[in-house]
Amino acid sequence: MLFERFADTLDYPMFVVTAVHPVTGERSGCLVGFASQCGMEPVRFLVCVSAVNHTHRIALASPVLAVHALGERRHALAALFGERTGDHVDKFAHCAWEPGPAGVPLLTDCPVRIVGTVLHRLDRLGDHTGFVLAPIEPDAGTDDAGPPREDHVPLMFSAVRDLHPGHPA
């Protein structure tokens with residue numbers, strides 16, 4: 001298929017999205033590749049979550065999501081959030097995290113992240129729901145004085161093609 005040949009040439013950064021249910025407190029997170037800044041003034045960020053993913057149900061209820069940019073040395077974290085499903089395992093029992101705004105889990109090994117208020121849920125994006133976020137707590141791993149605390153080379157899709165999804169696509 002023409003689109004598959006086109007898509008096979010693309011490489012893009014990978015992210016982990018985390019959410020917490022505002023009533024039950026259930027946490028969830030998943031590996032995503034469909035994410036992008038989608039506004040400059042005001043700043044907006046779009047992240048897409050598969051409708052079959054455990055995180056989808058939690059994200060639909062959550063007023064706040066965290067989007068963590070994975071560095072190239074975080075393949076194991078990508079595997080945890082990409083190959084395991086929250087239907088069967090508490091992923092947060094296997095990684096370091098702390099609660100952020102509205103209780104959303106913040107992965108401490110991923111300092112390049114944003115936390116955003118969910119402004120819109122776009123449910124007609126094929127098999128994914130798009131979440132448009134207004135950043136409330138940007139944390140790009142920087143202090144006011146200069147560059148990121150660590151060199152951040154993104155973990156790219158090409159580096160995680162070996163992973164087997166926790167849910168079928």
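The following exercises, with worked solutions, concern a predicted model.

**Exercise 1.** Determine the order of helices and strands along the sequence.

*Solution.* The protein has three helices and nine strands.

**Exercise 2.** Is Ser-28 buried or exposed, and with which side chain does the side chain of Ser-28 make a polar contact?

*Solution.* Begin with the location: Ser-28 belongs to strand 2 (residues 27-32). Its relative accessibility is 3%. Buried means under 20%, so Ser-28 counts as buried. Next, consider the side chain of Ser-28, which makes a polar contact with that of His-54 at 2.8 Å. Beyond neighbours within four places in sequence, the contacts of Ser-28 include Val-17, Thr-55, Ile-58 and Phe-92.

**Exercise 3.** Classify the aromatic pairs Phe-3 with Phe-6 and Phe-15 with Phe-45.

*Solution.* A search of the whole structure finds five aromatic pairs. In one of them, Phe-3 and Phe-6 have ring centres 6.0 Å apart and planes at 45 degrees, and the pair is tilted. Both residues lie in helix 1 (residues 2-7), three residues apart. Phe-3 is exposed at 54% relative accessible area, and Phe-6 is partly exposed at 47%.

For Phe-15 and Phe-45, the centres are 6.0 Å apart and the planes lie at 70 degrees. An angle over 60 degrees counts as edge-to-face, so this pair of Phe-15 and Phe-45 is edge-to-face. Phe-15 lies in strand 1 (residues 15-20) and Phe-45 in strand 4 (residues 43-50), 30 residues apart. Phe-15 is buried at 10%, as is Phe-45 at 15%.

Key: Residues are numbered from 1 along each chain as its sequence is written. This is a predicted model: local features need pLDDT of at least 70, side-chain atom pairs count only at pLDDT 80 or more; totals for chains, interfaces and linings use all residues. Side-chain values use heavy atoms; hydrogens and water are left out. Helices (H or I, at least four residues) and strands (E, at least two) are DSSP runs, numbered from the N terminus. Buried means under 20% relative accessible area, exposed over 50%, partly exposed in between (1.4 Å probe, protein chains only). A polar contact is a pair of N or O atoms within 3.5 Å; within protein, one must be able to donate a hydrogen and the other to accept it, and residues adjacent in sequence count only if both atoms are side-chain atoms. Contact means heavy atoms within 4.5 Å. Rings of Phe, Tyr and Trp (its six-membered ring) pair if their centres lie within 6.5 Å; planes under 30 degrees apart count as stacked, over 60 as edge-to-face and the rest as tilted.
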